[in-house]
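Have a look at the structure first.

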Amino acid sequence: MNKAWMRSGCVAAGLLLGWACSLAPLADETPAAAQSAEVGEDDLGARYAAADLVAEVQIAGVHRDVDNALSEPGMTAILGYVYSAVSRQVWKGEANRLIAFRLGLDACEIKLKKGGRYLIFASPDSFGRLQLHSCKAAVPESEAGPLVARIKQIQQPG
């Protein structure tokens, strides 16, 4: 069972039944900084190859992705977030200046910050909407410098 679902299920049940739920990180979770520090060259190459869009973006808006089927009066079930962003630099794929992409809580429990800049690795979902599939698919600008240098090397033929 996915960690985000277990945590949100506990919170929802806790609200309904008066349970106390811990929101402390689960044992197998690692902070985003540690996850991004573990990025190796092979991992970056695989992420670059798998993505349809690799771009530096600045988040213009953060919107909740609500699951209406699971929501009830007084309780909203959130699947994740839909971000509207301005593309600053595109290394792979086609992108308009304004783009939108999704990041589900099942893939990453970290909410991106409005106004923040990120290096993103996105691919379309089954409906053709841009989707990020993990926390590693959104690298904060402060940590993206070495990755951008490697992406430039990946792009060069030879």
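A bend at a residue is the angle between two fitted axes, one through the seven residues ending there and one through the seven starting there. This is a predicted model, so to speak of local features takes pLDDT of at least 70 and side-chain atom pairs count only at pLDDT 80 or more, while totals for chains, interfaces and linings use all residues. Residues are numbered from 1 along each chain as its sequence is written, and side-chain values use heavy atoms, with hydrogens and water left out.

**Overall make-up**
- The protein has four helices and six strands, taken as DSSP runs numbered from the N terminus (helices: H or I, at least four residues; strands: E, at least two).
- Reading from the N terminus, the order is α-α-α-β-β-β-β-β-β-α.
- Buried residues (under 20% relative accessible area, 1.4 Å probe, protein chains only) make up 34% of the 158.

**Helix H4**
- H4 covers residues 141-155 and spans 20 Å from first C-alpha to last, close to the expected 21 Å (1.5 Å times one less than its number of residues).
- There's a bend of about 30° at Leu 147, and Leu 147 is also among the buried residues of H4, along with Ala 144, Val 148 and Ile 151.

**Strands S1 to S3**
- Pairing calls for at least two DSSP bridges between two strands; S1 (residues 53-66) and S2 (residues 78-92) have 12, running antiparallel.
- S2 is also antiparallel to S3 (residues 98-104), with seven bridges, and Val 86 partners Leu 98 there.
- Five residues separate S2 and S3 in their hairpin, where Gly 93 in the turn has a positive phi of about 95°.

Terms used. Buried means under 20% relative accessible area, exposed over 50%, partly exposed in between (1.4 Å probe, protein chains only).
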